[in-house]
Structure formats: C-alpha cells, structure tokens
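Good morning, and thank you for joining.

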Amino acid sequence: MKFNATVAILTLAASSVLAAQQAKPEISGTYLEVRSCDVYTGPCFANGEMGLAGKEAVMVWSVREGSWKGVVLDGLNVIAVVKTDDTMGDLKYQPRSGPAVLITDAAANTRQKEALTDFARSMTGKLVSEVAEVKSAKMEVAIGTCAKAGCASVKAGNLVEISTRCLGDKDHLCGNEETFYPPLTQVNDAYPAFTEIAAFKGTGLNLTWESVGKRSAFLADFSR
C-alpha cells in the first residue's frame with residue numbers, strides 16, 4: 001500500500017513538472033504596433049478613414065527572452081513594415097495582405113537574423129504576402145516605459161522612428177471612442193496609445209510615410 005502511494009506521488013510530481021514545462025512559452029517579450037489610421041476611435045471617425053488610411057503599419061517585437069527554432073534571441077528586436085491595398089481591419093472578417101520590409105537587429109548574428117525573420121513571418125501570417133526586402137539596422141527599442149505603460153520609443157537606423165505616449169482626456173474627440181480595430185497579430189493584454197510620430201523612410205515598398213498626432217498605436221506583450 002505504501003509502495004503504491006509512493007508511485008502515485010512520484011507520477012503526480014512528474015506530471016506537474018511536465019505541465020509546467022509545456023506551459024512555459026518558447027519566446028516572449030513586448031510588442032508595439034502603429035497604423036496609419038486611428039485604432040482607438042469612434043465609428044464616425046473610422047468610417048471617414050476607411051479606404052483612405054490604415055494601409056500601412058509598423059510592427060515591432062522586442063524579445064525579452066527565449067528562442068525560436070533552437071536559436072536564442074534574448075534582447076533582440078525585429079520589425080515588419082507592411083503595406084496593403086486597403087485599410088487593415090479585423091483580419092477575421094476583412095483579411096488584407098501585402099508586401100513587407102523586415103528589419104532585423106544589427107546586434108544579431110547570421111543565425112539570429114534568420115530566426116528573427118522567420119519569427120516575424122510566422123507572427124504576421126497571411127498579412128505578409130511577400131517579403132520585399134530584409135534589412136539590418138542598429139535598434140534602440142523601449143516599450144511601456146512610463147507609469148501607465150503607454151510610452152514607447154523605437155529607432156531603427158534611419159529606417160524607422162516611433163514615439164508614443166499614454167492616451168489622455170484631451171484625446172477623446174467625440175466621447176464615443178473604443179478600440180475599433182484589434183492588433184494585427186496574436187498578442188496579450190493589448191491597449192491603445194497615442195502616436196506622436198511614426199515614420200518609415202526605407203526602400204522596398206515604393207513609398208515612405210510619416211504619421212503624427214494619431215490614436216494609432218498598440219502596446220502589448222507576446223509569447224509563443
């Protein structure tokens with residue numbers, strides 16, 4: 001009887017360890033997304049931008065810790081700059097896709113850059129129909145750096161510049177705002193923020209763009 005009880009305890013302990021190992025994500029970190037249209041807005045404002053804006057987006061993954069397909073990516077960053085043919089909305093009902101420029105962290109080695117590129121492709125799914133260019137740039141990334149966690153700053157060489165702040169009372173223009181669009185990729189605990197500036201000045205998409213003073217950003221965590 002004592003033997004059976006001991007076996008049962010050991011089996012339960014082994015199962016608990018296995019479950020904990022399975023629950024631990026392979027890779028995790030912080031995420032920033034900026035669109036060329038308001039994501040936190042009232043339906044009337046969103047309808048005014050539909051078809052005209054929101055065709056561009058910058059997606060930033062800052063890896064806190066973890067690996068992708070066996071390659072350690074602790075502390076590295078990757079950016080996807082996406083252009084579509086129309087306003088990017090709820091991907092469940094209005095799927096859009098288009099070319100993208102991927103920018104990998106200059107601090108990464110060759111294997112890490114390949115892993116970052118593959119990770120970004122995996123996270124964007126059908127949104128990215130083709131990778132127009134893959135670039136490398138020195139990056140300075142800080143996401144969720146203030147008390148209310150809405151502040152972020154990103155610089156990727158002379159290719160990408162982003163600065164956000166928390167939404168405030170003066171950012172409610174019609175009093176009927178909501179998170180009109182969801183993020184473009186799978187994330188955890190996403191919340192909107194105000195974009196002071198978001199700019200892409202690279203090649204590969206046949207355009208450069210700059211957006212200022214919009215409620216167009218998401219900050220979040222990610223884990224896979």
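By a salt bridge I mean a side-chain nitrogen of Lys or Arg within 4 Å of a carboxyl oxygen of Asp or Glu. With that criterion, Asp38, Lys214 and Arg215 are linked in a network of salt bridges.

A word on provenance. The model is predicted, so local features are reported at pLDDT of at least 70 and side-chain atom pairs only at pLDDT 80 or more, while totals for chains, interfaces and linings use all residues. Residues are numbered from 1 along each chain as its sequence is written, and side-chain values use heavy atoms, with hydrogens and water left out.

Let me continue with the charged pairs. There are seven salt bridges in the structure. One of them joins the side chains of Asp221 and Arg64, with an N to O distance of 3.7 Å. Asp221 belongs to strand 13 (residues 209-223) and Arg64 to strand 3 (residues 56-68), so this pair ties together parts that are 157 residues apart in sequence. Strands here are DSSP runs of E with at least two residues, helices are runs of H or I with at least four, and both are numbered from the N terminus.

For accessibility, buried means under 20% relative accessible area, exposed means over 50%, and partly exposed lies in between, using a 1.4 Å probe and protein chains only. Asp221, at 31%, is partly exposed, and Arg64, at 47%, is partly exposed as well.

A second salt bridge pairs Asp85 with Arg96, whose closest N and O atoms are 3.8 Å apart. These two residues are eleven residues apart, both in the loop between strand 5 (77-83) and strand 6 (98-105). Asp85 is exposed at 56% relative accessibility, whereas Arg96 is partly exposed at 24%.

In a third, Lys135 meets Glu133, and the closest N and O atoms are 2.5 Å apart. Is Lys135 buried or exposed? Lys135 counts as buried, at 18% relative accessibility, while Glu133 is partly exposed at 27%.

I turn now to the cysteines. A disulfide is taken to be a pair of cysteine sulfur atoms within 2.5 Å, and the whole structure contains one. Which residues form this disulfide? The partners are Cys146 and Cys151, with sulfur atoms 2.3 Å apart. The torsion about their S-S bond is about 95°, so the disulfide is right-handed. Cys146 itself is partly exposed, with a relative accessible area of 25%. Cys166, by contrast, is in no disulfide; the nearest cysteine sulfur, that of Cys146, is 3.5 Å away. Cys166 counts as buried at 18% relative accessibility, and Cys37 is buried at 0%.

Next, the backbone torsions. Ala149 has a positive phi of about 65° although it is not a glycine. Ala149 sits in the loop between strand 8 (139-143) and strand 9 (152-156) and is partly exposed at 22% relative accessibility. Asp189, also a residue other than glycine, has a positive phi near 55°. Asp189 lies in strand 12 (residues 188-200) and is exposed, at 64% relative accessibility.

Helix 3 gives a check on geometry. The expected span of a helix is 1.5 Å times one less than its number of residues. For the 15 residues of helix 3 (residues 110-124) this gives 21 Å, and the end C-alpha atoms are 21 Å apart, which agrees. At the start of helix 3, a side-chain oxygen of Asn109 comes within 3.2 Å of the backbone nitrogen of Arg111. Just after the helix, Gly125 takes a positive phi of about 55°. The buried residues of helix 3 include Ala115, Leu116, Phe119, Ala120 and Met123. An α-helix has 3.6 residues a turn, so residues three or four places apart point the same way.

Finally, strand 9 and its neighbours. Two strands pair if DSSP finds at least two bridges between them. Strand 8 and strand 9 are antiparallel, paired over five bridges, with Glu140 opposite Lys155. Strand 9 also runs antiparallel to strand 10 (residues 160-165), again over five bridges, and Ala156 has Val160 as its bridge partner. Strands 9 and 10 form a hairpin with three residues between them, and Gly157 in the turn has a positive phi of about 55°. Ala152, Val154 and Ala156 make up the covered face of strand 9, and Ser153 and Lys155 the uncovered one.

Terms used. A polar contact is a pair of N or O atoms within 3.5 Å; within protein, one must be able to donate a hydrogen and the other to accept it, and residues adjacent in sequence count only if both atoms are side-chain atoms.
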